[in-house]
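Dear colleague,

Please find the structure below, followed by an account of what was found in it.

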Protein chains: 2
Amino acid sequence: MELKNRFVSIKASIDGTPLDSDFEIKTETLSFSIGVGTKQVLVQNLYVSIDPYQLNRMKTRSSSQTAISFASAIIPGEAIDTYGVGRVVESEKPDYQKGDLVVGLLSWGEYTVVKEGSILNKLDPMGLPLPHHVGTLGFSGLSAYGGFFEVCKPKKGETVFVSAASGSVGSLVGQYAKLFGCYVVGCAGSQKKVDLLKEELGFDDAFNYKEETDLNSALKRYFPDGIDIYFDNVGGEMLEAAVVNMNTFGRVAVCGVISEYIDNGKRAAPNMLDVVYKRITIEGFLANDYIKLYADFFSTTMEHLRTGKMKALTDISYGLESVPSAFIGLFRGDNVGKKIVQIADE
Amino acid sequence: MELKNRFVSIKASIDGTPLDSDFEIKTETLSFSIGVGTKQVLVQNLYVSIDPYQLNRMKTRSSSQTAISFASAIIPGEAIDTYGVGRVVESEKPDYQKGDLVVGLLSWGEYTVVKEGSILNKLDPMGLPLPHHVGTLGFSGLSAYGGFFEVCKPKKGETVFVSAASGSVGSLVGQYAKLFGCYVVGCAGSQKKVDLLKEELGFDDAFNYKEETDLNSALKRYFPDGIDIYFDNVGGEMLEAAVVNMNTFGRVAVCGVISEYIDNGKRAAPNMLDVVYKRITIEGFLANDYIKLYADFFSTTMEHLRTGKMKALTDISYGLESVPSAFIGLFRGDNVGKKIVQIADE
């Protein structure tokens with residue numbers, strides 16, 4: 001069969017803050033043949049994940065950017081792969097039937113031809129809304145779970161600070177930490193988000209970092225006895241201020257540094273005297289490293305969602321056309337919780 | 001008994017590069033009574049340790065310097081405690097006899113009254129020169145041993161980069177790493193030191209960082225396949241360059257940041273994108289944390305020194321008056337190996 005597929009792509013590499021003009025909607029003709037042995041699956045995309053890290057894949061590659069080279073590049077003009085939920089249209093794999101729900105590596109487009117070997121699994125929504133399976137039960141959730149339990153190595157009663165706490169990962173870290181028995185404070189960029197953290201997600205406290213003139217003092221106010229664990233989603237000055245306020249043997253899990261994604265010149269310069277004297281560990285990680293925890297993560301999180309002990313924050317926009325603005329909005333803090341675009345009706 | 005004791009003290013807090021004029025030699029009268037139950041030991045100091053970290057104890061205390069507050073302050077006008085080797089003059093402790101050699105927390109002075117509860121042990125030199133017991137078999141050695149084996153968690157065949165590699169700790173880290181089966185490159189601040197590392201200490205390679213205009217490129221040249229372990233003694237630009245050149249799951253043990261001790265405004269700003277994508281761990285530590293390894297460390301190191309598999313680099317000045325210049329010289333890189341001042345003849 002042949003069908004027209006519309007998808008989002010970048011016009012050129014993006015260095016700095018992404019703009020609407022950096023993106024375009026392209027149209028291609030997808031051909032999909034049955035019985036040729038490729039084991040491909042043609043999927044209609046329903047919900048796709050919108051994540052800040054994609055910006056790192058869009059940057060110009062240069063020899064000085066060694067880190068970026070670890071993320072596979074997004075090529076201008078081509079489709080952009082992303083995690084999502086879809087429905088099988090045609091399949092060369094016998095165990096995937098037309099109409100089956102699937103979750104895996106799809107794309108910012110109407111359709112994806114998922115190749116053999118790529119991430120794709122049949123999805124039983126188990127009574128939860130499909131968007132929950134894009135973020136909370138997907139890689140955002142696994143980042144939160146692996147990062148908090150494996151990198152932060154929490155003990156009950158410890159104090160935990162989470163930045164971008166109303167974001168896709170932060171909102172889950174805070175909830176895992178509360179359920180585990182930690183004291184949790186989050187920061188976010190608006191009063192509405194702060195209220196949400198305290199009133200809906202059970203954070204012990206929260207503050208709007210945009211209203212603080214001195215982040216060191218703010219953290220000292222919220223953590224008079226110091227921070228044991230900092231789950232860092234933002235980098236920059238917040239990381240510096242957190243390190244100043246860390247306790248001995250404190251742990252910093254660096255999940256993302258969104259403030260540094262849009263500005264190559266912006267760098268956190270944590271005080272290394274603090275790092276030495278307080279024996280602080282600063283550790284970067286990727287969700288992929290914790291795939292081995294997936295079954296634990298999924299069953300634990302599913303149970304908490306079912307019983308209402310955890311809440312999945314999803315922020316959904318509608319239509320392929322909204323993908324660029326949904327993505328750009330991440331860097332302005334527009335999203336509350338996991339940003340997802342619904343591409344088609346269920 | 002009473003005796004005159006001359007000791008080195010600071011005139012006022014020191015912020016920045018230490019100068020001769022910051023120090024003075026003072027004289028006090030020490031009274032030492034026997035049979036009053038204080039369990040004190042009067043020690044004549046023979047060899048005392050000169051360490052860069054002492055500068056952090058000399059700084060002005062302010063609320064913004066949280067890290068510094070973890071190091072006990074050196075008070076202007078008072079004696080400065082330091083690790084060293086001495087000989088018992090009088091003792092209230094029955095197991096310490098006049099003439100016994102001891103090792104422990106002494107001071108930058110001619111005599112020390114060691115109080116009950118302070119670090120003091122009888123010393124059997126076991127055929128090694130006394131200065132070896134100040135540094136190589138003391139806290140410098142324990143820093144190297146604990147930092148390398150516990151913080152860096154090396155695997156055979158991994159690549160190791162050591163900064164300040166001809167210093168008290170670096171020179172030992174490089175040797176432990178070589179004996180363990182790693183590929184080791186060190187950097188130092190003169191051709192003489194570089195030659196020493198390669199010809200005397202068995203480093204696989206070494207370079208003079210002062211002759212490099214671009215530290216990133218230098219490290220790329222010496223580690224074409226990347227760095228697995230960076231043992232950091234200096235901080236600053238070298239830490240930044242090392243992070244750029246680290247391999248995935250690389251480990252940075254931060255033992256000291258001498259370039260930042262003399263300049264509060266100087267800070268390493270390692271690229272956090274590297275830290276995340278390459279899952280790098282940056283961990284500070286203090287030798288004290290590895291006291292539990294002391295017996296292992298001591299027997300292993302003693303054996304290596306006896307059999308000639310390791311060499312102890314000691315750099316000795318003579319006389320109490322030379323303490324300030326010996327200390328100041330650390331920040332110019334004057335020392336080759338462990339800096340020690342001999343206060344009195346053995």
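Contact here means heavy atoms within 4.5 Å. By that criterion, 40 residues of chain A are in contact with 40 residues of chain B. The model is predicted: local features need pLDDT of at least 70 and side-chain atom pairs count only at pLDDT 80 or more, while totals for chains, interfaces and linings use all residues. Residues are numbered from 1 along each chain as its sequence is written, chains are lettered from A and ligands numbered from 1 in the order in which they are written, and side-chain values use heavy atoms, with hydrogens and water left out.

The area buried between chain A and chain B (accessible area, 1.4 Å probe, lost on putting the two together and summed over both) is about 3500 Å², and carbon and sulfur atoms give 65% of it. A:Met272, A:Leu273 and A:Tyr277 supply 20% of the area that chain A buries against chain B, more than any other three residues.

Two salt bridges cross the interface, a salt bridge being a side-chain nitrogen of Lys or Arg within 4 Å of a carboxyl oxygen of Asp or Glu. In one of them, A:Arg279 is joined to B:Asp289, with the closest N and O atoms 2.7 Å apart.

On the side of chain A that touches chain B, α8(A) gives the most, with six residues; helices (H or I, at least four residues) and strands (E, at least two) are DSSP runs, numbered from the N terminus. The residues of this side divide into 24 nonpolar, seven polar and nine charged. Here Ala, Val, Leu, Ile, Met, Phe, Trp, Tyr, Cys and Pro count as nonpolar, Asp, Glu, Lys and Arg as charged, and the others, Gly among them, as polar.

Strand β13(A) runs antiparallel to β13 (residues 281-284) of chain B, joined to it by three bridges; strands pair if DSSP finds at least two bridges between them. Within this pairing, A:Glu283 stands opposite B:Thr281.
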